[in-house]
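Trainee: Can you walk me through this one? I'd like to start with the loops and then move on to the sheets.

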Amino acid sequence: MSNGFSILVIDDESQIRKLLEITLEANGYKLLFAVNAKEGITMAASHQPDLILLDLGLPDEDGQVVLKQLRDWFKNPIIILSVKSTEEEIVKALDSGANDYLTKPFRTQELLARIRTALRGNFNQSQEPVITFGAITVDFVSRVIKVKEEVLKLTATEYNLFTLLLKNDGRVLTHQYILKEIWGNAYAEQTQYLRVFVAQLRKKMEEDPNRPKYILTESGVGYRFNSG
């Protein structure tokens, strides 16, 4: 049974395409396939899929370039699937607009979870001014956040950091991206500064700050918000 979501796979590896076809169709996704960058961009424009799975090692163009081209107009989630696993490649892709990054070989259940999270986050971006998840309620109009009906006392910076993460629910945000968005370009390398504020937020909103449920660490890369 279809779940209503369409996914475009841009990957030239036939074995990967077959694996994704079996796995994703079994979970109700409608699939489209492209074997190179030119075909992928054309299909993305004509079909407007709900999500794209993009390989970086395409035969006719660097996947990083394709990602930037897609992000000029494509607003739905893009997840990178690549054998390239260096921190530099991952950060570059995330900063260029990828929602997530999985290295090959990947576990199919993890991929499915990342897809669900990316699609949920994309849906949350169009939610009402007041949203609720778990024990947390966020009122964007009054700028009030409650945990179990108790109002959190947040500084302006903490609130801005929290809402930036929440509005990108499920998406990995790099340290540099968050620092530039909240504090400006001059703070782009102050990762320790960011860790202090994340720790403060976790103490105020997480049931167990040492085992966070909402603000998750992507080691060496950044943070991901998980609304559950």
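**A walk through the model**

Mentor: Pro-105 lies in the loop between β5 and α5 (108-124). Helices (H or I, at least four residues) and strands (E, at least two) are DSSP runs, numbered from the N terminus. This is a predicted model: local features need pLDDT of at least 70, side-chain atom pairs count only at pLDDT 80 or more, and totals for chains, interfaces and linings use all residues. Residues are numbered from 1 along each chain as its sequence is written, and side-chain values use heavy atoms, with hydrogens and water left out.

Trainee: Okay. Is the peptide bond from Lys-104 to Pro-105 cis or trans?

Mentor: The bond from Lys-104 to Pro-105 is cis. Its omega is near -5 degrees.

Trainee: Which strands form the open sheet with parallel pairing, and in what order?

Mentor: Five strands form that sheet, in the order β2-β1-β3-β4-β5. Two strands pair if DSSP finds at least two bridges between them. The edge strands are β2 (30-34) and β5, and each pairs on one side only. From one strand to the next, the twist averages 20 degrees.

Trainee: What packs on that sheet?

Mentor: Helix α1 (residues 14-26) does. It touches β1 (6-10), β2, β3 and β4. Contact means heavy atoms within 4.5 Å. The direction of α1 makes about 165 degrees with that of β2. Axes are lines fitted to C-alpha atoms, for helices over the stretch in contact, and angles run from 0 to 180 degrees between N-to-C directions.

Trainee: How many bridges join β4 to β5?

Mentor: Four bridges join β4 (residues 78-82) to β5 (residues 100-103), and the two run parallel. Ser-82 stands opposite Thr-103 in β5. Strand β3 (residues 51-55) also pairs with β4 in the parallel sense, over four bridges. There, Leu-53 has Ile-79 of β4 as its bridge partner.

Trainee: And what do β4, helix α4 and β5 make together?

Mentor: With helix α4 (residues 87-95), the strands β4 and β5 make a right-handed β-α-β unit. Right-handed has a rule: with the strands pointing away from the viewer, the path from the first strand over the helix to the second runs clockwise.

Trainee: Switching topic. What about the sheet with antiparallel pairing, which strands are in it?

Mentor: Four strands form that open sheet, in the order β6-β7-β8-β9. Its edge strands are β6 and β9 (150-151), each pairing on one side only. β8 (residues 144-147) and β9 pair over two bridges. Val-147 has Glu-150 in β9 as its bridge partner.

Trainee: Where is Glu-149, and is it buried or exposed?

Mentor: Glu-149 is in the loop between β8 and β9. At 64% relative accessibility, Glu-149 counts as exposed. The cut-offs are: buried under 20% relative accessible area, exposed over 50%, partly exposed in between (1.4 Å probe, protein chains only). The phi of Glu-149 is near 70 degrees, a positive value in a residue other than glycine.

Trainee: What is the phi of Gln-48?

Mentor: Gln-48 has a positive phi, near 45 degrees, and is not a glycine. Gln-48 lies in the loop between α2 (37-47) and β3. Its relative accessible area is 43%, which makes Gln-48 partly exposed.

Trainee: Now rings. How many aromatic pairs are there?

Mentor: The count comes to nine. Rings of Phe, Tyr and Trp (its six-membered ring) pair if their centres lie within 6.5 Å; planes under 30 degrees apart count as stacked, over 60 as edge-to-face and the rest as tilted. Phe-133 and Tyr-214 form an edge-to-face pair, 5.5 Å centre to centre with 70 degrees between the planes.

Trainee: Why does the pair of Phe-133 and Tyr-214 tie together parts that are apart in sequence?

Mentor: Phe-133 lies in strand β6 (residues 130-133) and Tyr-214 in the loop between α8 (191-205) and β11 (215-218), so the pair ties together parts 81 residues apart in sequence. Both residues are buried. Ring pairs link Phe-133, Phe-162, Tyr-214 and Phe-225 into a cluster.

Trainee: Last one. Which residues of helix α7 are buried?

Mentor: In α7 (residues 175-183) they are His-175, Ile-178, Leu-179 and Trp-183. Seen down the axis of α7, they fall within an arc of 95 degrees, so they line one face of the helix. The arc is that of the directions from the helix axis to the C-beta atoms. Their cover includes α6 (156-167), β10 (172-174), α8 and β12 (222-225).
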